Structures are given as structure tokens and as C-alpha cells.
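Please keep the structure open while reading.

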Amino acid sequence: MTKTNFFLVFLLSVMISFGFILKSNENTSEITLIDEVERLSVTEVEHALGAPLPNHYMKNYDEELAKIGEQLITEGKANYNGEKGKVISPYFNCTDCHNLVKETEDITNLNPQDRLDYAVGNDLPYTAGSTFFGIYNRSKYYNGDYDKKYGDLVIDARDTLENAIQLCAEYCASGRKLVPWELEAIMHYYKKNELEVADLGLTNQEMKLVNTALNREINQEEALTLLQTSYVNRYPATFTGAMPENKRSYGSKGNPENGEKIYRSACMFCHENSRVTYLNLTDDVLSGQYLWNHREGYDDLSVYQVARWGTYPITGRKQYMPLYTKEKMSDDQLEDLMAYIKKIANK
Amino acid sequence: MSRLVLITVVLGLLNSTFLNAQEDKKDLVSETFSSVRIINGNSTETLKKRQWRYIIAHRFGDALGDQGGIQTAFGFDNAADIRFGFDFGITDNLMVGFSRLKGSGPYRSILEGSAKYRFLTQTQDNSVPVSISFSGSVYGTYMPSSEDISSVTYFERFAHRMMYGSQLTIARKFHSRFSMAIMPTYVHRNLVQPTDVNGLFSVGAAARIRLNKSLGLIAEYFYNIHGADVRDEYENSLGVALEWLTNGHTFTFNFTNARGFGELQYIALTQSDWLEGQFRFGFSITRTFKY
């Protein structure tokens, strides 16, 4: 081998080695980036991919305010800056109707039975309202048929989170409007618990797509669509009205085991030991017979009616029952519930 | 006083012994009785935190006997006692109340302040087999003092206007349809007749059978414990009632020989005798609100 050939082979070897080093570095770099992307705020990533920021956008949250916000949500009252807070509603806390964590394994899954099974498996109540998990990332509230219940009150609340919170505090919870620091504290809590990319349950392939779109500005539209369809941006709400009497099986077509899950995680969540309401429900024969005996017709005491219409606050009794939309409880589940009531009523 | 200290110590021990069992509220037995009062005695029920309750209770005249019958529309013409009052829930286990009683027997225009603390609640797994509450009441009359120096309403000192009642209620729900309660009670009056006792012990017992979710039948009896040479003219209190529970209201329709409300009156001052037709119809209406 001549000196020239030796030099060329050496140069080629160095180049190949350098190429390997470069490739190796590139892989390491990608893995690191994916880890980082998982921890990024979904809102921030969406914005980086071309989506507008939400109108309630906050750059950061304050830890202390977020804690106060959580206290307001779970206890209905908090103190701030030495100022003694007042009860938002004597009748309800937010968590009487809303969970704070995800309600299905796949957070895009709105199937009510899957939601029920997840609630039972994770010791969550089966609430009538949508979870606050990821509420910061939503853009629409009081969707679907909620205007049938609240009329024009929902207009300003449908596209503004702060207005939706105020509507909930004043009307849904039979309480009062929040003062500015209370509203701010709740917003900080929501911001703290906003969705991160890791919450979306993306596959490795999908993560790579997002990562690449973010770092190399490739397929950004596709990545944005992927993100936006990986969580629920707006919860649909369909009011069905009470099941017509001629369509009710009064539990004969229902599954009492499933009905027991609903009774325990939905009905008794509020009615056990009269926690929220004056009507005390247990799983004994007296409660069963009470509900069974009122099963017919369309008054408030019929489960078929009250599950779909709820009740309304009246003077002297502001605590009322919220309704279950079709998305939150299916007609089949309602029959399952009635089958369980029939069982404990010994009918 | 030493008895009070002893009771306090025993209750404190019971409280601390079973405290851990009370942490999970889901396992607690509810509605042992439907209201904070059974007929006259205190149940182990309390108002929840931030609840208040308005009470209207009325007790008419003798249904039969010399003072009853058709001429008085079986007692409806007369009002033996009337109670208006409020109760407030401080916590889920502590409530306070204030009532005004018309008064029956020697005392008129009685004000009553009361407090009840439930320190033990029966659990569904029977790790705590009973619910126990302690109630205390202070009574004061603002009626004019009698000029008769031998009368118990001759109030030489302000203390003579004051009376006290304390009651321990031990209750158990045996079945969704059946509950019982035992109520050891002590009533103290600062001024009594020579043939009476200042401190009077009584033991009450009550049972409830629920016909359905809304209706229940109740019986209640108080046996007074005292020497044979005193209180000849007084009777033990016996009552039966039908209760009707609605979503917020509780109605109780009762027949009892006790003319007055409050431990002071139904335990210490009952003179009517069932066997002579001296029982009366009464009712109470309570409405619970949240504030």
C-alpha cells in the first residue's frame, strides 16, 4: 500500500467513524427530546405547531394559589392573604359533581360503561358532571343541550372557562359568584393540572411524529391534529328526557350486578347518610322499596325521571339533583340500576 | 359534681377507644332514628354541619278524663305546651339549640338552651355496636315570681329560676326496620318542694319500627328513680307516636301523658295518668335547612 492509498483509507475510516458518531449522537438526542416532549404542556406544544393559544392561557402557575384553588374545589372555602374566605355554596362542593382525575383509561373514550367500570376500579364516584382532568385544555363548556337547562346563561360560558366556572358556582352549585382571587386560584389549579403530552397515551411512533414536527418543523399539521384528537376538547351533552313508560322494562332486562355499581358509585355518593341531600339512601329493603314503589310515572321520585331531568333548586331547598346526560349514563345502565333496585326491594 | 367528672372520663375513654373506627364515614349506620328527638327524649341523631332546623311542637289538653272528652274536643281546646325553637349543626356530631316553651305545670315562659354531642356512631360491621350521644339542656323561666313563699315559683334568687337536664342516649339500629335506645337522664332543679328531690334520675327506653321509608311507629317510656317517700303525685312519662319523614320535613304525631316539653317537664313534672284518660295528642313539625 502506497502512502497515498494509506492516507485515503485512513481518511475514509475517519469519515465513516465520524459518521457513526454523528448518527449515534442524533439517536441519543432524539430520545432525550421525546422525554422532554412528554413533559411539555399540550397547550404549549399545540401552539408551537401552529394552534392559537386559548383565551384563558397562563404562562405559569403559582403553587400557593393552585393549592388554594384545590381547597376551593374540594372544600368550597379557603382563606387567602390573611382574608377569611366565605363558603361558595352551602349545598355543593365542585367534587360532588366532578372528579379531578381521568375517568377512563383512554381519555378520549366517552363510553359510559367504560367510565363506570373505571370509576368502580379506581374508587371514584360515577358523577353526573365531566371531570376537571384536562379542563384547562378544553375550549368549549356547557355543550350540547345544556342551554335547555340554563338558557341564555350558557352563552357567555360556552367559550370562556372563567365564565363557565362562575356559572357553575352561582347556578349549578346554588352558590355565589367567585371573587377575583378565588377565580384566579381555581385557574391556577387548572393550569397546574393541565394535560401534558404524556397524559395523551401516544404510541412511540406518534411521539416521534410530534417530536419531529416540533424540532424539525415537519408534518406539523398532522402532529397538531394528532394531539387535538387525543383528548376531549369538548364534552358532548345530550338530554334524552325520561324514558317513556312503554319502553321501560322496570329492571327485567337489566343486569343487577351492573346496577349495583351505579347505585353505589352514583346514587349513594350523594345520598348515603344524606350527605348532600335530605333523602337518605342505603342498600336496604326500605330504600329499595321506596325507589321501586315510585318507579312509574314522571315525577321526581321515579328513577327514570330524576336521572334524566334531575330536580330543580327551590326556595328553602337549594340542593337539587343534577341530571345524567346520555353520555354519562346510558338507557341500558338505567335499566341495570332499576334491576338492582328491584332486587334490594325483594320484588 | 364527682358523678359528672366520672361520666366525662368514661365518655372520653369510650370516645378515644372507638375513634379510629369512626374515620371512614361510609361504614357508619345512618337513620337510627329519623329526628334529633324520639318523642320526648333525645335520639343519637344530630344535625349536620351548617344545617339548621326549625321546630314547631304542640301538645294539647287531656284527651279523656275530667278535663277531656267531647266538651274539649278531646283536648284540642287546650294547649298544654307549645315549643318554638331552632337547632344548629356546628359539626356533623355537635349541635346546639334554643327554644321557647310555653311551659306546663308550675313553670311558664321557659327558655331552653341545649347542646348535643354524638361521640360514637354505630358501624355497619358492628365494630362499634351502638351510637352514643350526650345532651345537656339549661332551662330558665322568666315568669313573674309568685308571692307565695311556699311555691316553687317563688324565686327568691335568680338561681331558683334555673333548671338543668342531661341525657345520655345509647342507641342501636338492629335492623333497617327496628331501632332501640336507652336514655339515662338526670334532671336538676335548684328549688323544689319539700316532697320532691333536687336531683332526679330517670332511665328512658324507646323503640322504633319503620313501616316503610317514610313512616315509623315509636314507643318511649321514662322510669323515674327516687325514694318511696317523695314525689307521690308524679307519674312516669309514656308516649307512642307515628312519624312521617319527608324530604326535609319530619312530622311526629304522638299521644303521651307528659304535658310539657324538655327533660325538665316530661321527666320531673309529669302528673297525668294514662289510666285516668290524662293523655294527650301532640305533634311536632321540623324543617331542616342549610345555611
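Helices (H or I, at least four residues) and strands (E, at least two) are taken here as DSSP runs, numbered from the N terminus. In these terms, Thr127(A) sits in the loop between helix 4 (112–121) and helix 5 of chain A. The model is a predicted one, in which local features need pLDDT of at least 70 and side-chain atom pairs count only at pLDDT 80 or more, while totals for chains, interfaces and linings use all residues. Residues are numbered from 1 along each chain as its sequence is written, chains are lettered from A and ligands numbered from 1 in the order in which they are written, and side-chain values use heavy atoms, with hydrogens and water left out.

Thr127(A) counts as buried because its relative accessibility is 2%, where buried means under 20% relative accessible area, exposed over 50% and partly exposed in between (1.4 Å probe, protein chains only). Its side chain has a polar atom 3.2 Å from the backbone oxygen of Cys97(A). Leaving aside residues up to four places away in sequence, Thr127(A) touches, among others, Asp96(A), His98(A), Arg115(A), Phe269(A) and Lys328(A), contact being defined as heavy atoms within 4.5 Å.

Another loop of chain A, between helix 9 and helix 10, holds Ala242(A), which is buried because its relative accessible area is 15%. With residues up to four places away in sequence not counted, the residues that Ala242(A) touches include Arg248(A), Tyr298(A), Tyr304(A) and Trp309(A). From Ala242(A) to Ala128(A) the separation is 114 residues in sequence and 16 Å in space, C-alpha to C-alpha.

The loop that holds Ala242(A) also contains Phe239(A), whose partner in a ring pair, Tyr146(A), belongs to helix 5 (residues 146–150), 93 residues apart. Rings of Phe, Tyr and Trp (its six-membered ring) pair if their centres lie within 6.5 Å, and planes under 30 degrees apart count as stacked, over 60 as edge-to-face and the rest as tilted. Over all chains, a search of the whole structure finds 28 aromatic pairs. One of them, Tyr142(A) with Tyr150(A), is edge-to-face, at 5.9 Å centre to centre and 85 degrees between the planes, and both of these residues are buried. The pair of Tyr146(A) and Phe239(A) is also edge-to-face, with 5.1 Å between centres and 85 degrees between planes; Tyr146(A) is buried, at a relative accessible area of 17%, and Phe239(A) is buried at 16%.

In chain B, ring pairs link Phe60(B), Phe76(B), Phe255(B), Trp274(B), Phe279(B), Phe281(B) and Phe283(B) into a cluster. Elsewhere, Thr153(B) lies in the loop between strand 5 (131–141) and strand 6 (162–175) of chain B and is buried because its relative accessibility is 8%. The side chains of Thr153(B) and Ser151(B) make a polar contact at 2.7 Å, that is, a pair of N or O atoms within 3.5 Å, of which, within protein, one must be able to donate a hydrogen and the other to accept it, residues adjacent in sequence counting only if both atoms are side-chain atoms.

Between the chains, 23 residues of chain A are in contact with 20 residues of chain B. The two chains bury about 1,900 Å² between them, 48% of it on carbon and sulfur atoms, where buried area is the accessible area (1.4 Å probe) that two parts lose on being put together, summed over both. Asn273(A), Tyr278(A) and Leu286(A) supply 34% of the area that chain A buries against chain B, more than any other three residues. Nine residue pairs are in polar contact between chain A and chain B, both residues at pLDDT 80 or more.
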